[in-house]
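Visitor: I would like to learn how to read a model of this kind, feature by feature. Could you take me through it slowly?

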Amino acid sequence: MTVGIALSVKSDLGVSPVSSIPYTLTVVWGVEMGLATFLFHVALVLVQIVLLRKRFKIKNLVQIAVGIIFGFFTTFCNYLADLLPSADDPAIRSVMLIASIIIVAFGLFLYVPANIMPLAGEGTMLAISEVSGFRFSNVKIGFDVCVSLISLVVCLLSIHTMGSVGIGTLISAVLTGIMLGIITKLLGEKRDKLLNT
């Protein structure tokens, strides 16, 4: 997933929604993106505690440790993406964006059903899905749109530009959930057999 995030950053069309708030922290306050990602994960775990209350499992606090690892890999993959040549061609940037969406959706498809330990973003989406009864893929779309709007408002108020949010962010907010649904329809049965679920 961090490869997908790095590609969305590199495309310069707007970062993926899941990283829009951490990247906003980077753009607005100069917080390193890996650290900002970790802080965002901590905040999302607190949201889960509020949503789930007594149903929140203590083991889900491990999401904070997972956030440290995810933050590290976010920084590392951004570094690797910086080694790629800059693309001024809109077609190449669009390909990077589409690849980012597919990679993030496929990452979600693989690790969420394994039920080992979701990232805090997906843990929050699972909590919303559990509390509301909405399908996870639909919650994913709504969550991505919300964090993108929060990032946009913060950037507009703080630095008077769209900052981390661009057309790519909005496209990702809608298409990642849709892509997750498509991948699940195509490969979900095989994945579930492999996982014996």
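Visitor: How many residues does α7 have, and what span does the helix reach?

Guide: Helices here are DSSP runs of H or I with at least four residues, numbered from the N terminus, and the expected span is 1.5 Å times one less than the number of residues. In this predicted model, α7 has 23 residues and reaches 32 Å from its first C-alpha to its last, close to the 33 Å expected at 1.5 Å a residue. Residues are numbered from 1 along each chain as its sequence is written, local features need pLDDT of at least 70 and side-chain atom pairs count only at pLDDT 80 or more, while totals for chains, interfaces and linings use all residues. Side-chain values use heavy atoms, with hydrogens and water left out.

Visitor: At what angle do α7 and α8 pack?

Guide: Axes are lines fitted to C-alpha atoms, for helices over the stretch in contact, and angles run from 0 to 180 degrees between N-to-C directions. Helix α7 (residues 136-158) and helix α8 (residues 167-195) pack at about 170°, with their axes 8 Å apart, and they are therefore roughly antiparallel (an angle over 145 degrees). Contact means heavy atoms within 4.5 Å, and the residues making it include F136, K140 and D144 of α7 and T169, G177 and L180 of α8.

Visitor: Which residues of α7 are buried, and what covers them?

Guide: Buried means under 20% relative accessible area and exposed over 50%, with partly exposed in between (1.4 Å probe, protein chains only). In α7 the buried residues include F136, V139, F143, V147 and C155, and what covers the buried residues of this helix includes α2 (20-29), α3 (33-52), α5 (90-111), α6 (120-132) and α8.

Visitor: Which residues have the most contacts inside the largest nonpolar core?

Guide: In soluble globular proteins, nonpolar side chains tend to be buried together. A nonpolar core is a set of buried Ala, Val, Leu, Ile, Met, Phe, Trp, Tyr and Cys residues joined through side-chain atoms within 4.5 Å. The largest one here has 27 residues, and M1, L108, Y111 and L180 have the most contacts inside it; α3, α5, α6, α7 and α8 each give two or more residues to this core.

Visitor: Where is D12, and what is its phi?

Guide: Most residues other than glycine have a negative phi. D12, in the loop between α1 (2-11) and α2, has a positive phi of about 60° although it is not a glycine, and at 57% relative accessibility D12 counts as exposed.

Definitions and conventions
Parallel < 35°, antiparallel > 145°, perpendicular 65-115°, else oblique.
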